[in-house]
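The following explanation is intended for a reader meeting this structure for the first time. Please keep the sequence and the 3D view at hand while reading.

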Amino acid sequence: MLLNRERYLQATELINFEHEMIQEKAAELARGCANSVAVAEQIFHFVRDEIRYAFRVPHDAGQFKASAILRAKMGFCTQKAILFCALARSRGIPAGIYFFDIVDHSLPEKFAELLRTRTMFRHGVPTLFLNGAWRKLDATLDAKLVEKNGLFAVEFSPESDCLMSKKKRDGEKHVAYVNEYGLYGDVSFSLIQHWFSLYYLHLFDVRLEDY
């Protein structure tokens with residue numbers, strides 16, 4: 001995948017890595033790291049395990065800025081990917097968001113009924129340029145949530161894509177990545193809202209609990 005890496009290093013409205021909070025957290029995570037791969041691994045574990053997964057309907061643009069996600073310490077896949085990109089770019093690591101549709105067979109029945117589907121449309125996965133190649137690093141589900149639901153944790157590797165397992169620990173189906181939309185250097189709040197209106201319009205009038 002040959003891409004102009006410069007556009008994957010820029011600050012944007014949502015990937016606002018110039019914010020003081022992002023700069024401080026990125027510097028903290030990079031402390032003692034010998035190279036960009038080690039930095040990426042620290043960022044991966046921080047976003048995966050310290051930013052709690054919480055499904056959100058995009059009502060407020062401010063909640064989708066990397067600095068706000070870091071402050072809230074929670075978000076759903078795209079929010080976590082935005083934060084991941086900001087932390088990586090602040091340390092000079094090219095980063096973007098690769099979008100998939102995924103079918104999640106492990107969704108709680110109540111949540112699947114709420115969504116009216118088991119397909120999570122436009123699932124955002126942070127993607128970093130490491131060791132001369134683009135690597136997808138799905139940091140959506142934290143270790144506690146994975147353990148609670150009998151899943152396999154996504155582990156970091158700079159040598160291959162790191163995506164959720166097709167199977168749960170009991171052998172039942174977990175996730176299938178079914179459609180690919182490619183790598184985005186940026187994503188706007190209006191685009192995120194547009195995607196939600198296409199697939200989950202009914203949720204804009206629903207008061208959601210955290211999932």
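The model is a predicted one, in which local features need pLDDT of at least 70 and side-chain atom pairs count only at pLDDT 80 or more, while totals for chains, interfaces and linings use all residues. Residues are numbered from 1 along each chain as its sequence is written, and side-chain values use heavy atoms, with hydrogens and water left out.

Helices (H or I, at least four residues) and strands (E, at least two) are DSSP runs, numbered from the N terminus. Two strands are said to pair if DSSP finds at least two bridges between them. An open sheet is formed by 4 strands with antiparallel pairing, in the order β5-β4-β3-β6. Since β5 (133-136) and β6 stand at the edges and each has a single partner strand, one side of each is left without a neighbour in the sheet. From one strand to the next, the twist averages 30° (axes are lines fitted to C-alpha atoms, for helices over the stretch in contact, and angles run from 0 to 180 degrees between N-to-C directions).

Strand β4 pairs with β5 in the antiparallel sense over 4 bridges. Across this pairing, Phe129 stands opposite Trp134 in β5, and Leu128 stands opposite Arg135 in β5. The hairpin of these two strands has 2 residues between them, and Asn131 there takes a positive phi near 50°. Strands β3 and β4 also pair in the antiparallel sense, over 8 bridges, with Phe100 opposite His123 in β4.

Buried here means under 20% relative accessible area, exposed over 50%, and partly exposed in between (1.4 Å probe, protein chains only).

Strand β3 contains Asp101, which counts as buried because its relative accessibility is 2%. Asp101 and Phe121 are 20 residues apart in sequence, yet 4.5 Å apart in space, C-alpha to C-alpha. Beyond its neighbours within four places in sequence, Asp101 is in contact (heavy atoms within 4.5 Å) with residues including Phe121, Arg122, Tyr177 and Val178.

Helix α7 spans residues 189-199, and its buried residues are Phe189, Ile192, Trp195 and Phe196. Seen down the axis of α7, these residues fall within an arc of 125°, so they line one face of the helix; the arc is that of the directions from the helix axis to the C-beta atoms. An α-helix has 3.6 residues a turn, so residues three or four places apart point the same way. On the other side of α7, Ser190 and Leu198 are exposed. The cover over the buried residues of α7 includes α4 (77-90), β3 (95-104), β4 (119-130) and β6 (175-184).
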